[in-house]
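This report describes the fold and packing of one protein chain. The text is to be read alongside the sequence and the coordinates.

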Amino acid sequence: MNLDMRQPMIDDLGVLETAALLRELTAGLINVAGFDEALDRLVRIARDAVPGIDCCGFTALRAGEPAGVAASDPHRAELDDLRHAPDTPALTAIHRREMIIAAGLAEEARWPVWGARARALGVHGVISAPVDVDEQVIGAINLYAASPAALTPSHQLTAMLLAEHAGLLLAAVRDRERAAARSRQLDDRLLAEGVVGQAVGVIMTQRGCPAPEALGVLRSAASSLDIPLREVAERLVLTVSRPRDN
């Protein structure tokens, strides 16, 4: 009777913990501009929020090639790095497109070299869940346990939900990175144009600010006046080039 009453409470607690994890993950990544920073935050949040997990890592591939790792414990970062051991639970999860569970690495024969190194680093259980980011980037989030008995079906469900949610957030980060790169390219082209470059130089001289900030001032003026950027630049250059009356 007591067991029947307690089990829903345990399940509800797991649901609440997972919901809190996803909320914290959203808050932590929603405004991050860089992919590497997002991965660092992801693994730290997951490590702190998932009970029974000793550390967390992320393995990333870009166009099929290793594209970096993130680890909540830097001393165990090699477990996520395919350059150290290409045959890993993360790579298996990515290639098979399914979650990989190894609750007891002492009895695990799938990754002998990686498994021996993991045990030497105090890791005795792992869950790797594939994470789809975009057309170029794919990865796996890796949850590591220090005890062979630590990983439960609840951890598997959490890993699956975490991977799906992380994929959406990381895709948004990648979109912001691409948008920022396009903006920088546009800025470079604008600065190379004669009149805009001259106007930026005028603002830099007047305000003592760097070129990106000066270009931002020019853009703000164009937006406020509701006229093209180039026209604002022409007006500014014309104004400062006029001879002053004695």
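In this predicted model, helices α6 and α7 are roughly perpendicular to each other, since their axes cross at roughly 105° and an angle of 65 to 115 degrees falls in that class. Helix α6 spans residues 194–207, helix α7 spans residues 211–225, and their axes come within 9 Å. On the α6 side, the contact is formed by Val196, Ala199, Val200, Ile203, Met204 and Arg207. These residues meet Ala211, Ala214, Leu215, Val217 and Leu218 of α7. By class, the contact of α6 with α7 holds 10 nonpolar residues, no polar residue and 1 charged residue.

Helix α7 also packs on helix α8 (residues 229–241), at an angle of about 110° and with the axes 9 Å apart. α7 and α8 are therefore roughly perpendicular to each other. From α7, the contact draws on Leu215, Leu218, Arg219, Ala221, Ala222 and Leu225. Helix α8 contributes Leu229, Val232, Ala233 and Leu236. This contact of α7 with α8 comprises 9 nonpolar residues, no polar residue and 1 charged residue.

| α6 and α7 | roughly 105° | within 9 Å | 10 nonpolar, no polar, 1 charged |

**Chain as a whole**

The secondary structure of the protein chain amounts to 8 helices and 5 strands. Read from the N terminus, the elements follow the order α-α-β-β-α-β-α-β-β-α-α-α-α. The chain has 246 residues, of which 41% count as buried. Among contacts with a sequence separation of 6 or more, 58% join residues 24 or more positions apart.

The 5 strands build an open sheet in the order β2-β1-β5-β4-β3, with antiparallel pairing. Its edges are β2 (65–71) and β3 (100–102), each of which pairs on one side only. From one strand to the next, the twist averages 15°. In general, the strands of a sheet pair through backbone hydrogen bonds, in either a parallel or an antiparallel sense.

Strand β1 pairs with β5 in the antiparallel sense over 8 bridges, and Ala60 stands opposite Gly139 of β5. β1 also pairs with β2 over 5 bridges, again in the antiparallel sense; here Arg62 stands opposite Glu65 of β2. How many residues of β1 are buried? The count is 7 of its 8 residues, and the strand is mostly covered. Helix α2 (residues 35–49) lies across β1 (55–62), β2 and β5, and runs at about 150° to β1.

Strand β4 (residues 125–132) is joined by 8 bridges to strand β5 (residues 137–145), and the two run antiparallel. Within this part of the sheet, Val126 stands opposite Tyr144 of β5.

**Loop residues with positive phi**

β1 and β2 form a hairpin with 2 residues between them. Ala63 lies in the loop between these strands and has a phi near 55°, a positive value in a residue other than glycine. Ala63 is exposed, because its relative accessible area of 64% is over the 50% cut-off.

Arg97 is located in the loop between α3 (89–96) and β3. Its phi is near 60°, likewise a positive value in a residue other than glycine. With a relative accessible area of 35%, Arg97 is partly exposed, as this value lies between the 20% and 50% limits.

**A buried arginine**

Leaving aside residues up to four places away in sequence, Arg174 touches Phe35, Arg62, Val133, Asp134, Gln136 and Val137. One of these, Arg62, is the residue that stands opposite Glu65 of β2.

Technical notes:
Residues numbered from 1 in each chain as written. Predicted model: local features only at pLDDT ≥ 70, side-chain atom pairs only at ≥ 80, totals over all residues. Heavy atoms only, no water. Pairing = 2+ DSSP bridges. Helix = DSSP H or I, 4+ residues; strand = E, 2+ residues; numbered from the N terminus. Axes fitted to C-alpha atoms, helices over the stretch in contact; angles between N-to-C directions. Contact = heavy atoms within 4.5 Å. Buried < 20%, exposed > 50% of the residue type's maximum accessible area, 1.4 Å probe, protein only. Parallel < 35°, antiparallel > 145°, perpendicular 65-115°, else oblique. Nonpolar A, V, L, I, M, F, W, Y, C, P; charged D, E, K, R; others polar.
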